[in-house]
Amino acid sequence: MKMKNIILGATALVTSLALAACGSGSSTTESDNWSTYEKDKSVTIGFDKTFVPMGFEEKDGQYTGFDIELATAVFEKYGITIDWQPIDWD
């Protein structure tokens, strides 16, 4: 039961961060973008592809890691595909 609560909490955290990262440049928003994601059936999420084990690029070019796998599973439940966008912090 405890592990289930940890996974549920982590899922909620990643989903919240993903949705917050997709917000507009304004610090105040009058509505969220969830309806747009549901309508378009896609969302773009940026990530650091060198942050092992959270998100990284494998030798074959696939993106993987805890954050990526978790967010993919959550959005898959809603029928929404993710366009993973690596961010170059340099």
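This is a predicted model: local features need pLDDT of at least 70, side-chain atom pairs count only at pLDDT 80 or more; totals for chains, interfaces and linings use all residues.
Visitor: What joins strand E3 to E4?

Guide: Strand E3, residues 55–57, is held against E4 in the antiparallel sense by two bridges. Glu57 has Tyr63 in E4 as its bridge partner.

Visitor: How is a pair of aromatic rings described?

Guide: Two values are used, the distance of the centres and the angle of the planes. In this structure, a search of the whole model finds five aromatic pairs. One of them is Trp34 with Tyr78: the ring centres are 5.1 Å apart and the planes stand at 85°, so this pair is edge-to-face.

Visitor: Where in the chain do Trp34 and Tyr78 lie?

Guide: Trp34 is in helix H2 (residues 34–40), while Tyr78 is in the loop between helix H3 (66–77) and strand E5 (81–86). The two are 44 residues apart, and their pair links distant parts of the chain. Trp34 and Tyr78 also belong to one aromatic cluster together with Tyr37 and Phe75.

Visitor: Is Tyr78 buried, exposed or partly exposed, and why?

Guide: Tyr78 has a relative accessible area of 48%. Exposed requires over 50% and buried under 20%, so a residue in between is partly exposed. Tyr78 is therefore partly exposed.

Visitor: What angle and distance describe the pair of Phe47 and Tyr63?

Guide: Phe47 and Tyr63 are 5.0 Å apart, centre to centre, with 75° between the planes, and the pair is edge-to-face. Phe47 sits in strand E1 (residues 42–47) and Tyr63 in strand E4, 16 residues apart, and this pair too links distant parts of the chain.

Visitor: How accessible are Phe47 and Tyr63?

Guide: Phe47 has a relative accessible area of 9%, so it is buried. Tyr63, at 27%, is partly exposed.

Visitor: Which residues form a nonpolar patch on the surface?

Guide: Met3, Ile6 and Ile7 form that patch, and together they have about 320 Å² of accessible area. Met3 is placed in helix H1 (residues 2–21). The relative accessibility of Met3 is 56%, so Met3 counts as exposed.

Definitions and conventions. Residues are numbered from 1 along each chain as its sequence is written. Side-chain values use heavy atoms; hydrogens and water are left out. Two strands pair if DSSP finds at least two bridges between them. Helices (H or I, at least four residues) and strands (E, at least two) are DSSP runs, numbered from the N terminus. Patches are made of residues with over 30% relative accessible area and no salt bridge: like charges are joined within 9 Å, nonpolar side chains (Val, Leu, Ile, Met, Phe, Trp, Tyr) within 5 Å. Accessible areas come from the Shrake-Rupley method with a 1.4 Å probe; for residues, only the protein chains shown count as cover. A salt bridge is a side-chain nitrogen of Lys or Arg within 4 Å of a carboxyl oxygen of Asp or Glu. Buried means under 20% relative accessible area, exposed over 50%, partly exposed in between (1.4 Å probe, protein chains only). Rings of Phe, Tyr and Trp (its six-membered ring) pair if their centres lie within 6.5 Å; planes under 30 degrees apart count as stacked, over 60 as edge-to-face and the rest as tilted.
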